[in-house]
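This briefing goes through one protein model, topic by topic. Keep the sequence and the 3D view open while reading.

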Amino acid sequence: MVSMSAGDRGAVRKKVAAATTTTTVLTTAPTIKNGQSTTGIGVIPEETPNHIVYKKMEALVERMQDEERGVPVRTVKSFMSKIPSVFTGIEVIAWMLRNLDIEDTAEALHLAHLTSAHGYFFPIDDHVLTAKNDNTFYRFQTPYFWPSNCWEPENTDYAVYLCKRTMQNKARLELADYEAENLARLQKMFSRKWEFIFMQAEAQSKVDKKRDKLERKVLDSQERAFWDVHRPV
């Protein structure tokens, strides 16, 4: 998980304080066990510093996703394909300058970078979670993968994910060099249980293939962004 310094936490509190005046205690947090999603029950302390920061950032992201007043999200048509549910870095910065108590572009870009670094939105074609004030396409993360859910995936979960990626014949799902190295390391680490990991990956891959094409493209990118937070380059 990307960590924040005390200075960054203070900056986030100042910039997004207008987004919310209350925080909600999350009592059910999703977890992953052996590559499958489950629901864990637990109480998250409302006043812990990270939780306060996460909830303020999430209130900001919810404002950004408002259908009428939020960042414009759309499907972009390109040659022989469609890019669903995206927006540009320019649009994010413009929205922040227009809707938040921010003085200049540099401050807006810093806040956008912090929000992206925690995985709340992400570049669709890059493993490095950052924000740029240009026409790079970004996509919002599903709330299931938000940091406030406070669950840390295990290496077996990562192994299932990487193994599943090798089963999907899509250029956008090809493993990056560092991911291929991680997969080889995990395969050696879990050699005695690799057959089980492979079976889990195969089962998940079959489920994914039944989804609508555009939905699958969005979900694939959101899952990749989740792992970019927890297993960065």
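Glu223 has a relative accessibility of 18% and therefore counts as buried, the limit being under 20%. It belongs to a network in which salt bridges with shared partners join Lys164, Asp208, Arg211 and Glu223. The model is predicted.

**The bridge between Lys164 and Glu223**

- The side chains of Lys164 and Glu223 form a salt bridge, with 2.9 Å from N to O.
- Lys164 is part of helix α5 and Glu223 is part of helix α8, so this pair ties together parts of the chain that lie 59 residues apart in sequence.
- Lys164 counts as buried because its relative accessibility is 3%.

**Other salt bridges**

- The structure contains eight salt bridges.
- One of them joins the side chains of Glu91 and Arg74, at 3.0 Å from N to O.
- Since Glu91 sits in helix α3 and Arg74 in strand β3, the pair ties together parts 17 residues apart in sequence.
- Arg74 has 32% relative accessibility, so it counts as partly exposed.
- Arg231 and Glu152 also form a salt bridge, and their closest N and O atoms are 3.8 Å apart.
- This pair links distant parts of the chain, 79 residues apart: Arg231 is in the segment after α8, and Glu152 is in the loop between β6 and α5.
- Is Arg231 buried or exposed? Its relative accessibility is 18%, so Arg231 counts as buried.

**The sheet**

- Four strands make up an open sheet, in the order β3-β4-β6-β5, with antiparallel pairing.
- Strand β5 runs antiparallel to β6 (residues 137-140), and three bridges join the two.
- Pro123 stands opposite Tyr138 in β6.

**Helices on the sheet**

- Helix α8 (residues 213-230) packs on the sheet and touches β4, β5 and β6.
- The direction of α8 makes about 45 degrees with that of β4.
- Helix α3 (residues 89-99) lies across β3, β4 (81-88), β5 and β6.
- Helix α3 runs at about 30 degrees to β4.

Key. Residues numbered from 1 in each chain as written. Predicted model: local features only at pLDDT ≥ 70, side-chain atom pairs only at ≥ 80, totals over all residues. Heavy atoms only, no water. Pairing = 2+ DSSP bridges. Contact = heavy atoms within 4.5 Å. Axes fitted to C-alpha atoms, helices over the stretch in contact; angles between N-to-C directions. Salt bridge = Lys/Arg side-chain N within 4 Å of Asp/Glu carboxyl O. Buried < 20%, exposed > 50% of the residue type's maximum accessible area, 1.4 Å probe, protein only.
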